Amino acid sequence: MKAIGCKEIGLPDTLVVEDLPSPNAGEGHIVVSVKAAGVNFPDALVIQGKYQHTQSLPFTPGKEIAGVVKEIGAGVTRFKVGDHVCAWLSHGAFAEEVAIKDDFAVARLPEHIAFVPAAAFALVYSTSMHLLADRAKIKPGETLLVLGASGGVGIAAVQLGKLLGARVIACASSQQKLDFCIAHGADAVINYETEDLREAINRLTDKRGVDVICDPVGGKYAEPAVRSMAWGGRYCVVGFAAGAIPKFPLNLMLLKGCTVLGCAFGTNARRHPEQFTANLTRMIDWMDKGELNPVVTACYPLERTPAALQDMLDRKVTGKVVITM
Ligand SMILES: NC(=O)c1ccc[n+]([C@@H]2O[C@H](COP(=O)([O-])OP(=O)(O)OC[C@H]3O[C@@H](n4cnc5c(N)ncnc54)[C@H](OP(=O)(O)O)[C@@H]3O)[C@@H](O)[C@H]2O)c1
């Protein structure tokens, strides 16, 4: 089977396409014939050795898939050959086949849900659902500000925020990205490259401020966003796509009566798998009813995985991109 190999730490152009033996389904495992694999920002970090969880070389990158169960290992009773599944993995998604432990991170999919959108939601949609539902406990009618709103975590937060009843203000760096956010449900938008973020939030909230902030970007936007928080607001730290980890004075928390919430979806899922499963089940149900459609803007064949990762690093990606086998 074909797979993408990371044999040295480096940028996406150091990845290679290789032929590997097909995996076997060991005890408690299933082998999935991968139909599509979602591309995520952490994939671009882990191959550079910049992610919080390092991976020993060589390895196949990629953290989420959708596909068909090809083989069942001893002791597996939840799945049968031919089942459609989606899964969140530590690595190994950018391959034609992958062996996966039968645990909370694999879920059966209704057959009418297409593989491409199904491959694009186990990670970032679970991240945004975790921050909105488990951490911020967002309530209908509250205002949600999403930074980096046209990216993977961001557009998921826009769509899920709307499904959970929030008013959503999306922030991004170009008009094209803002139009994309509006097309996927944002109620209002701010270009944080060209507009003063605080002034724009004041204008859009009648100076009340926002209740919840989803921040997967960090850098220079974090402090003005926190300064624009409503009383009792929740600032969700998700990631640092801009590179710089923001630092701001703690008196802001006092002045705003607000809370800073760390939102590490993966660590939380391992500690509280029941939360991950509840959120995933709820999102699959929304997909089943046609209420949630993960936003995939481009598909790349397996051998073009390095280009997909480089586009993500170059800030060219809107929504999600997916590798198809
Ligand atoms: N905590 C968790 O559990 C968790 C889970 C998944 C991902 N993450 C993290 O969340 C962050 C975003 O992930 P994602 O999948 O949403 O990534 P993404 O699709 O690439 O989106 C990131 C967004 O950040 C903005 N951005 C600002 N400066 C950037 C820069 N220098 N390089 C790239 N993007 C920049 C871009 O929007 P504009 O051009 O509009 O500014 C882009 O749309 C990453 O740091 C990732 O590691 C955390």
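Q: Which class does R304 fall into at 43% relative accessibility: buried, exposed or partly exposed?
A: This is a predicted model, in which local features need pLDDT of at least 70 and side-chain atom pairs count only at pLDDT 80 or more, while totals for chains, interfaces and linings use all residues. Residues are numbered from 1 along each chain as its sequence is written, and side-chain values use heavy atoms, with hydrogens and water left out. Buried means under 20% relative accessible area, exposed over 50% and partly exposed in between, with a 1.4 Å probe and protein chains only. At 43%, R304 therefore counts as partly exposed.

Q: How far apart in space are R304 and I323, C-alpha to C-alpha?
A: R304 sits in the loop between β14 (296–301) and α11 (305–313), where helices are DSSP runs of H or I with at least four residues and strands are runs of E with at least two, numbered from the N terminus. In sequence, R304 and I323 are 19 residues apart, whereas the C-alpha to C-alpha distance is 8.1 Å.

Q: Which helix gives the most residues to the shell around the ligand?
A: The ligand is surrounded by 26 residues, the closest being G152, S173, K177, Y192 and C263; a residue is near a molecule if one of its heavy atoms lies within 4 Å of it. At least two residues of this shell come from each of α1 (41–46), α3 (124–135) and α4 (152–163). With three residues, the element that gives the most is α1.

Q: What percentage of the area that the ligand exposes when taken alone does the protein bury?
A: A polar side-chain atom of Y192 lies 2.5 Å from a ligand oxygen atom, and a polar side-chain atom of R315 lies 2.9 Å from an oxygen atom of the ligand. A backbone N or O atom of C263 lies 2.7 Å from a nitrogen atom of the ligand. Taken alone, the ligand exposes 900 Å² (Shrake-Rupley method, 1.4 Å probe), and the share of this area that the protein buries is 91%.

Q: How many of the twelve residues of α3 are buried?
A: Among the buried residues of α3 are V124, Y125, H130 and D134. The helix is largely enclosed by the rest of the structure, because the number of its twelve residues that are buried is ten.

Q: What type of aromatic pair do W88 and F104 form?
A: Rings of Phe, Tyr and Trp (its six-membered ring) pair if their centres lie within 6.5 Å, and planes under 30 degrees apart count as stacked, over 60 as edge-to-face and the rest as tilted. The count by this rule comes to seven aromatic pairs. W88 and F104 are 6.3 Å apart centre to centre, with 55 degrees between the planes, and the pair is tilted.

Q: How many residues apart are W88 and F265?
A: W88 is buried, with a relative accessible area of 10%. The rings of W88 and F265 have centres 4.8 Å apart and planes at 55 degrees, so this pair is tilted. The pair links distant parts of the chain, since W88 lies in strand β5 and F265 in helix α9 (residues 265–271), and the separation in residues is 177.

Definitions and conventions:
Polar contact = N/O pair within 3.5 Å; in protein donor to acceptor, adjacent residues only side chain to side chain.
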